[in-house]
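I opened this one with my notebook beside me. Here is what I looked up, in the order I went.

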Amino acid sequence: MLARLVLALVLALFSSSIARGSGELAPPFGLEWGGSPQRLADWSERFELDLLVKTPGGNPEQSVLMISSSKGALPGHEATSLEGRFREARLYEVGVHYTYPGRGTDFVEARFVKLKRLLARKYREFRLSGRQKDVKDGISTTSEAYHLEPAPGFLIVLARTVVVDQKRGDKAMRFSVVYRSEHHATPPPVQTAGALPDGPPVQE
């Protein structure tokens, strides 16, 4: 998925300059950075949503919760699925995915543009991260992604994908927004034996 590729690239560029600032990006759906997966699991159960839990191979400290609804959109929201990523059971990334089943690409494009403008007005203008196009067996897939850094150590990636069946003329579009806190994605620094933790100056 282009959003995840862009996220990896942006993190590589920002990794040397990430520092905790006074501002902070709040995750969507009333979630909290560093929160437990149980909150998402309880929400899924309460509304009888589909829940898929994955543990990426080679990363036992990581877990991913995917929530979707067989009825279409999630309760009280236009998104069709929600993805929470956790490190040692602490939330560090939220992906919100929009597909609008049964809607044409003009409608989905309008919703994408509206959300992009709302986020840019709230935080700052997006920067184009990358574009890619693939054609295979008559199916054309075009992806485009943008990113912004609303506060030091926080990222928003907005990506859309347009799929065109060149033989039948069918066309579909989907987009996603990924919110990430790098403060919670990276492990805390290892305390050297005998070192004192950070704190207020020692009073003499």
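How many of the 204 residues of the chain, in percent, count as buried? I found 42% of the 204 residues buried, where buried means under 20% relative accessible area, exposed means over 50%, and partly exposed lies in between (1.4 Å probe, protein chains only).

A note on my source: this is a predicted model, and local features need pLDDT of at least 70, side-chain atom pairs count only at pLDDT 80 or more, while totals for chains, interfaces and linings use all residues. Residues are numbered from 1 along each chain as its sequence is written, and side-chain values use heavy atoms, with hydrogens and water left out.

**Fold.** I counted four helices and eight strands in the chain; helices (H or I, at least four residues) and strands (E, at least two) are DSSP runs numbered from the N terminus. Along the sequence I read α-α-β-β-β-β-α-β-β-β-β-α.

**Contacts.** I took contacts (heavy atoms within 4.5 Å) between residues at least 6 apart in sequence, and 51% of them join residues at least 24 apart.

**Surface.** The chain exposes about 12,300 Å², and carbon and sulfur atoms supply 51% of that. The areas come from the Shrake-Rupley method with a 1.4 Å probe; for residues, only the protein chains shown count as cover.

**Backbone.** Which residue other than glycine has a positive phi near 60°? I noted Phe-29, in the loop between helix 1 (2-14) and helix 2 (37-46). Phe-29 counts as partly exposed because its relative accessibility is 26%.

I also noted Ala-89, not a glycine either, with a positive phi of about 65°. Ala-89 sits in the loop between strand 3 (81-87) and strand 4 (90-98), and its 42% relative accessibility is why I list Ala-89 as partly exposed.
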